[in-house]
Structure formats: C-alpha cells, structure tokens
Amino acid sequence: MLFAVTFSLCLAVLGFALPQDLEKRQRAAVITRCTVPNTAALTFDDGPYSYIYDVSKMLKANGALGTFFFNGNNWGCIYSTENAKRVKFAYDQGHQIASHTWSHKDMTTLSWDRIHDEMWKVEQALQRITGATPAFMRPPYGNYNNLVLDASGIRKQSVVIWDFDSGDSTGVSPADQKARFTQLANRRPSTILSLQHEVHASSVYDVLPHAISQLKAKGYRLVTVAECLGRAPYQSVGAPSPRTDAWKC
C-alpha cells in the first residue's frame, strides 16, 4: 500500500498523468442533440449503399446536407470499387462522413483491443478513400460504455447518438415513420438530431421526401452534424490515396 502511494506521488511529481487523470482527459464527449438553434441534422447509418446517390440528390435539391456514418464491412466491403466510389461521392458533395465502426458489432461486448480494431480499420478506409480523418463516430445500436468512450477520446473523436429515431431499423412501417416526422415537426423543438438508415428503400424513397418537406416547412436548416454543433467535421483533411492491394476487407 505504501509503495503504491509513493509510486503515484513520484509519477505526479515527475509530471506523468495518473490513470484517473488520463480517464478524465481522454474520455470522449457523448453528443445527443444539436446545439445551433433552428438546425436539423439528418443522419444515415450502415452504408455505403447504392441508395446514397438518391439520398444526396434529394438533400441537395432542397439545399440540405446530410451525415453518413459508414461501416467498413457490413452491407458490403467499403473497399469495393462501387462502395469506395459512393464514399468519395458523398464526401465530394459536401456531406459529412463519419465512422460507424468496421463491422457493426456491439462495442460494449468487445475487449479494449477489439474496440480499437473496429475503430481504426474504418478510419483508415475513410482516410484512404477521401483523405479526411473523421472527428465523429457513432457506435452501432447506440451502445457504448467507458471503454468505448475512452477509445474514442484517445482517437480524438466525439460519440454521436441521436434525439429522434425514425424507427426504420426496428420494423416501424413507412407510414408510422412519416407520422413520427410529422409529429416531430409539429412539436418544433429547437434542434433535431435524427437516426435513419440509407440501406432501406422505403426510408429513402418514401420517408425521406416527407421528412425533408415537413422539416423545411417548419423553417429548419437541414445541415450536417458538425454544422449543427458549430464544429469541424474532420480532424484533418488531405489527399486521397491511390488504390492498392491493401484495399480489401
């Protein structure tokens, strides 16, 4: 006991951070709502997927931008020619791209090393394809624990959840999803941070046009997560990398 106390004091005197200090400094912030009034951030999980072009077209036609939380290997390998093209397209169109981890596992069931593996592999893919290093991540299912927050903090990322769920991933019908958006718009909260998915046709072609119409009618600006927080979307931005044999899942 005396040794442990003495050792800790020595570390403190020498300027080394103690474990509890590291925890306080590195643990990521959890974002559950936007902070810039009159903004609505529509977010789309689980891609890249083929519908992304039409999602972008609908958003851009209404002066809007979205945020795409991409997986590395969920509905397809991010390195495939088509999926890499989809990621780069979204980025080039001005939408925000962010991490949804590599393979969409429940991060609270993983070890420290596995958590980092899930994070860095998709970050590396996004860096290779676009040149950008994301500043935000969303854990699959919205599940996180202190290990996930510590890992995100070390990686200098904030954890993004939501304050409105369309229900498209839990079996809610398109009609009920649209009713949810109508009710939300009528409540008129100051800000909205939504959860939607780009991999369901009904979410894209049936629900999204209604959501955009309802929110615009109430005067919301449809922006990225970064813009609705008044923050930068990326830690750094550089040139994309040329494709190599390392681009594989």
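The questions and answers below go through one predicted model.

Mentor: Before we start, residues are numbered from 1 along each chain as its sequence is written. Because the model is predicted, local features need pLDDT of at least 70, side-chain atom pairs count only at pLDDT 80 or more, and totals for chains, interfaces and linings use all residues, while side-chain values use heavy atoms, with hydrogens and water left out.

Trainee: How many helices and strands does the protein chain have?

Mentor: Helices (H or I, at least four residues) and strands (E, at least two) are DSSP runs, numbered from the N terminus. For the protein chain, the count is nine helices and 12 strands.

Trainee: What percentage of the residues in the protein chain is buried?

Mentor: Buried means under 20% relative accessible area, exposed over 50%, and partly exposed in between, with a 1.4 Å probe and protein chains only. The protein chain has 249 residues, and the buried part is 46%.

Trainee: Of the contacts in the protein chain between residues at least 6 apart in sequence, what percentage joins residues at least 24 apart?

Mentor: Contact means heavy atoms within 4.5 Å. Among contacts between residues at least 6 apart in sequence, the share joining residues at least 24 apart is 80%.

Trainee: Why is α4 called roughly perpendicular to α5?

Mentor: Axes are lines fitted to C-alpha atoms, for helices over the stretch in contact, and angles run from 0 to 180 degrees between N-to-C directions. Angles under 35 degrees count as roughly parallel, over 145 as roughly antiparallel, 65 to 115 as roughly perpendicular and the rest as oblique. The axes of α4 and α5 are 9 Å apart, and the packing angle is about 70 degrees. That makes α4, relative to α5, roughly perpendicular.

Trainee: Which residues in α5 meet α4?

Mentor: From α4, the residues in this contact are A84, V87, K88 and Y91. Their partners in α5 are L126, I129 and T130.

Trainee: Which residues does A90 touch, leaving aside its neighbours within four places in sequence?

Mentor: A90 is placed in helix α4, and at 0% relative accessibility A90 counts as buried. A90 and S56 are 34 residues apart in sequence and 7.2 Å apart in space, C-alpha to C-alpha. With those neighbours set aside, A90 is in contact with I52, F68, F70, H95 and I97.

Trainee: What is the C-alpha to C-alpha distance in space of R188 and N38?

Mentor: R188 sits in the loop between α7 and β10 (191–197), and N38 in the loop between β1 (30–31) and β2 (39–41). R188 is partly exposed, at 31% relative accessible area, and N38 is partly exposed, at 27%. Not counting residues up to four places away in sequence, R188 touches N38, K218, G219 and Y220. R188 and N38 are 150 residues apart in sequence, and their C-alpha to C-alpha distance is 9.2 Å.

Trainee: What is phi of T101 near?

Mentor: T101 lies in the loop between β5 (96–99) and α5, and T101 is buried, with a relative accessible area of 0%. Its phi is positive in a residue other than glycine, near 75 degrees.

Trainee: Is the peptide bond from G47 to P48 cis or trans?

Mentor: P48 is in the loop between β3 (43–45) and α3. Omega of the bond from G47 to P48 is near 10 degrees, and the bond is cis.
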